[in-house]
Amino acid sequence: MTAGLLGAALALSLAAPARAGETPAAPAAATSADGWRLTPTGTDARFRGLAAVDRHTAWAAGSRGTVVRTTDAGRSWRDVSPAGAEGLQFRDVEAFDARRAVVLAIGEGEASRLLRTEDGGATWTETFRNTDPRAFYDCVTFLDRRHGLALSDPVDGRFRILSTRDGGRSWEVLPDTGMPAALPGEAGFAASGQCLVTAATGGRDVWFATGGAATARVFHSADRGRTWTVTDSPVPAGDPARGVFALAFRDRHHGLAVGGDYRAGEPSPRAAAVTADGGRTWTPSDTPPPAYRSGVAWLPHGGSAALAVGPTGTDLTRDGGRTWRTVDTGSYDTVDCTPDGGCWAAGEKGRIAVLARP
């Protein structure tokens, strides 16, 4: 496929903005080498959790309790898995820098856990273990270095929110009085670590996405998870395998939603949507990705450019999610980009790739 288009889009997103009255500089010409470059991870774990710190540093978390970290732009990866975690399924990781990170393990009851490291993964501390057999945690996100939230599927008819105010060292379950009632069968998807997200620009806003019910919905909080509103999305649901799997907000107004039906070979029409009002309303993409997509990320400084990934490929939008074009057919589950121009993707069989710069 047209891998060079990925590099060209990254060059365009990183081009210095023109001053008033000047013509923007043209991006550097892309070469055939531009695009995803696979890196040697030394494992066949499936990585659904990904945290890109910058162009050089990234963390990934996956099956069999596996956590890996690079500090040299993917030229090498270090296995920093917590001791004794082989029975856990990590589905999300949030990293503050090369030394501090939080990982989420999913599952019913005590299988859902949160662990934190402050020494680059040399040692880990379990900071939360779920003791409610009705809860199942899907995603974790941080609004800043202190305030973070984790999302559980509904308990007693409402989604459960876990909160930290000390960078993940301790957690508390928030009251559910400000949470709208869940629909029958509604749940989050622990597919890419992107079912619960904050805006790239920071602040107090947080969103989470759902599926499985008659309608796929997006919830929004403007007060760090204390109270929530909810709106319908146009992404089809109506089945436990369908709905919105990932969100990305470049600021508190402009967001993307991607999803579909995760079962191989099943059609995923209208698998993407956009919002320009913070999630109060969603519009289906005019030309959505052609298949299920589980991860999405805005390109740095690109304004309207973003990437969506899934088991059958990577899609690029240059118009804020209205139209998407497939630019790579490799399998990835999640994607993350950083302000300094680093973009990473991760998925099955130990696949982690970095977006080569032109």
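**Salt bridges in close-up**

**View 1. Arg-100 pairs with Asp-97 in a salt bridge.** The closest N and O atoms of the two residues are 2.7 Å apart. A salt bridge here is a side-chain nitrogen of Lys or Arg within 4 Å of a carboxyl oxygen of Asp or Glu. Side chains of opposite charge can pair when their charged atoms come close. Asp-97 is buried, at 19% relative accessibility. Arg-100 is partly exposed, with a relative accessible area of 29%. Buried means under 20% relative accessible area, exposed means over 50%, and partly exposed lies in between (1.4 Å probe, protein chains only). The model is predicted: local features need pLDDT of at least 70, side-chain atom pairs count only at pLDDT 80 or more, and totals for chains, interfaces and linings use all residues. Residues are numbered from 1 along each chain as its sequence is written, and side-chain values use heavy atoms, with hydrogens and water left out.

**View 2. Glu-110 and Arg-129 form a salt bridge between their side chains.** The N to O distance is 3.4 Å. This pair links distant parts of the chain, 19 residues apart. Glu-110 sits in the loop between strand 7 (101–105) and strand 8 (113–117). Arg-129 belongs to strand 9 (residues 125–129). Strands (E, at least two residues) and helices (H or I, at least four) are DSSP runs, numbered from the N terminus. Glu-110 is partly exposed, with a relative accessible area of 42%. Arg-129 is also partly exposed, at 34% relative accessibility.

**View 3. Arg-134 meets Asp-156 in a salt bridge.** Their side chains are 2.9 Å apart, N to O. Arg-134 lies in the loop between strand 9 and strand 10 (137–142), and Asp-156 in the loop between strand 11 (148–155) and strand 12 (158–164), so the pair ties together parts that are 22 residues apart in sequence. Arg-134 is partly exposed, at 46% relative accessibility. Asp-156 is exposed, at 63%.

**View 4. Glu-110, Arg-113, Glu-126 and Arg-129 belong to one salt-bridge network.** Salt bridges that share partners join these residues.

**View 5. The whole chain has one helix and 28 strands.** A search of the whole structure finds 21 salt bridges. Of the 358 residues, 59% count as buried. Among contacts (heavy atoms within 4.5 Å) with a separation of 6 or more, 52% involve residues 24 or more positions apart.
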